[in-house]
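Please read the following report with the model open beside you, and look up each residue as it is named.

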Amino acid sequence: MKKTVLITGATSGIGKACAQKFAANNFDVIITGRREPLLTGISAELEEKYSITCTALCFDVQDKAAVFSAAEELGKMNLKIDILINNAGLALGRDAFDKADLDDWQTMIDTNLSGLLYTSRAFIPFIIQSKGHIINIGSVAGREVYENGNVYCATKFAVDALTRSMRIDLLKYGIKVTSVNPGAVETAFSEVRFKGDNIKAEAAYKGYTPLSQEDVAESVFWCSTQPPHVCINDLSLTCLQQANAQVFFKDGEQ
């Protein structure tokens, strides 16, 4: 039977790459994001290229009412969800704790933490019904902090804790819960973090070859295709030149 995957934050980066990977493997896809024209374009592209059904839902994961309204809409459409990929997230600023912008902190908390809670809670009835799989996109920054990472790291530590607690609480339903934790990935992540400062964004990837969004999508897909009795609880991946959240070996270093 054909399966369906729902991916939040699917208009770019890892989310878009996941949508393409699953569609290429004959999954029907539900994509969400804030930018409706992009969602519509991606949906049409996936349907034409892969002959699958793609449903686009435009909402912001920070908006609790909008998230639950989208879940209600899917219920009325009698759509199922076999896999939920909580991908929507961002970093804003790279400032010391005493100088950071409080609005940046709030946006990261509302997106990375509250957004994951809202989408998981809203769509969990679908996952229970399908005995499906929840995959949360975390980060190696959720394992150890680094200088000026403060609240971003804190939100990703929370993703790790929530993933583990969800695994325990949902065990009785036969639901798989997985955390996929990438290191540096060359997407628009740094451009968003540095608020459009392309010089700083490009410098973040200088001197080494980072992961691509497709690399992460491959790992997410692999986690989702294990035998029914196998659950990958936790998967971390970095590029060869990155050891953890802090340590890189860059070109030209001895």
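## The nonpolar cores

A nonpolar core is a set of buried Ala, Val, Leu, Ile, Met, Phe, Trp, Tyr and Cys residues joined through side-chain atoms within 4.5 Å, where buried means under 20% relative accessible area, exposed means over 50%, and partly exposed lies in between (1.4 Å probe, protein chains only). This is a predicted model, in which local features need pLDDT of at least 70 and side-chain atom pairs count only at pLDDT 80 or more, whereas totals for chains, interfaces and linings use all residues. Residues are numbered from 1 along each chain as its sequence is written, and side-chain values use heavy atoms, with hydrogens and water left out.

The largest nonpolar core has 35 residues, of which Val 29, Ile 85 and Val 220 touch the most other members. Two or more residues of this core come from each of β1 (4-7), α1 (13-24), β2 (28-33), α2 (36-50), β4 (83-86), β5 and α8 (213-224), where helices (H or I, at least four residues) and strands (E, at least two) are DSSP runs numbered from the N terminus. The largest share, six residues, is given by α1. If neighbours within four places in sequence are left aside, Val 29 is in contact (heavy atoms within 4.5 Å) with Val 5, Ile 7, Ala 19, Ala 23, Ile 52, Thr 53, Cys 54 and Thr 55.

## Salt bridges

A salt bridge is counted where a side-chain nitrogen of Lys or Arg lies within 4 Å of a carboxyl oxygen of Asp or Glu, and by this rule there are nine salt bridges. In one of them, Asp 82 pairs with Lys 80, with the closest N and O atoms 3.4 Å apart; Asp 82 is buried, at a relative accessible area of 10%, while Lys 80 is partly exposed at 30%. Another joins Asp 98 to Lys 99, with the closest N and O atoms 3.2 Å apart, and both Asp 98 and Lys 99 are exposed.

Which parts of the chain does the pair of Asp 234 and Arg 143 tie together? In this salt bridge the closest N and O atoms are 2.0 Å apart. Asp 234 lies in strand β7 (residues 234-237) and Arg 143 in the loop between β5 (133-137) and α5 (150-169), so the pair ties together parts that are 91 residues apart in sequence. A network of salt bridges links Arg 143, Asp 160, Arg 164 and Asp 234.

## Cavities

Rolling a probe the size of a water molecule over the atoms shows where empty space is left. On a 1 Å grid over the protein atoms alone, a cavity is a set of points where a 1.4 Å probe fits but cannot get out, and lining residues have an atom within 4 Å of a point. Grid points are joined across faces, edges and corners, and a volume is the space filled by probe spheres set on the points.

There are two cavities of 30 Å³ or more. The largest cavity holds about 50 Å³ of space, and its lining includes Leu 92, Trp 105, Met 108 and Asn 150. Helix α4 (residues 102-130) gives the largest share of that lining, three residues. The second largest cavity has a volume of about 30 Å³, and α4 gives the largest share of its lining, four residues.

Technical notes
On a 1 Å grid over the protein atoms alone, a cavity is a set of points where a 1.4 Å probe fits but cannot get out, and a pocket is an open set with protein on both sides within 12 Å along at least five of seven lines; lining residues have an atom within 4 Å of a point.
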